[in-house]
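Biologist: Could we go through this model together? I would like to begin with the strands and then turn to the rings.

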Amino acid sequence: PGPGKCRAKIIGPDQPGQRESIGCGVFGNSHDIAPATSPDGSQLAFMSNIDGNWEIYATTTHPAGGQVQEPTRLTKNSARDGLPTWSPDGRWLAYVSDRDGGQEIYLIAVEGGEAVRLTHDDWRDLSPVWSPDGGCLAFASSRDGDYAIYLLSVPPGPGATPGEAWK
């Protein structure tokens, strides 16, 4: 998004009349939803459809010098990417994408790079949540016909293979 296209607001508890724009939305032509704050509170990830489809963006919550920075687009494809959730160390975002046909769980480094697909199945995998140690993701899946909660071990680094999901 270009300069001046932000509309989401941060409102400080001690300054209810002051707010800072941090999102991507333009006069109701797009939506910024599903905000997720980083563990240290310094960043905010969210999904926006400013570019015509849902992508994940991140921005700082406390801009240097008080200047709001344009959000960084972390995903870029023709699919729907959304519902980001931060790893406990603040380096990764797990999210849901339908880029390969079904709704699957993906992982991307906050600093950028290629997304890693964590689930590989024909069912809907939704709502990833990290374990406190960052070693597992809990998520909802319809793989048994009804939704249930599953756990998935998360690879410790690039190139590692995720474990098998278990109920």
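Biologist: How many bridges join strand E4 to strand E5?
Modeller: Six bridges join E4 (residues 43-48) to E5 (residues 55-60), and the two run antiparallel. Strands here are DSSP runs of E with at least two residues, numbered from the N terminus, and two of them pair if DSSP finds at least two bridges between them. The model is predicted: local features need pLDDT of at least 70, side-chain atom pairs count only at pLDDT 80 or more, and totals for chains, interfaces and linings use all residues. Residues are numbered from 1 along each chain as its sequence is written, and side-chain values use heavy atoms, without hydrogens and water.

Biologist: Which residue stands opposite Leu44?
Modeller: Thr59 in E5 does.

Biologist: What is the order of the strands in the open sheet?
Modeller: The order is E3-E4-E5-E6, with antiparallel pairing. E3 (32-37) and E6 (72-73) stand at the edges with a single partner strand each, so one side of each lacks a neighbour in the sheet.

Biologist: Turning to the rings, how many aromatic pairs are there?
Modeller: The structure holds three; ring centres of Phe, Tyr or Trp (its six-membered ring) must lie within 6.5 Å, with planes under 30 degrees apart counted as stacked, over 60 as edge-to-face and the rest as tilted. The centres of Tyr95 and Tyr106 are 5.9 Å apart and their planes are at 20°, so this pair is stacked.

Biologist: Where does the charged end of Arg99 sit?
Modeller: The charged end of Arg99 sits over the ring of Tyr106, 4.8 Å from its centre; the criterion is NZ of Lys or CZ of Arg within 6 Å of the ring centre and within 35 degrees of the ring normal.

Conventions
Helix = DSSP H or I, 4+ residues; strand = E, 2+ residues; numbered from the N terminus.
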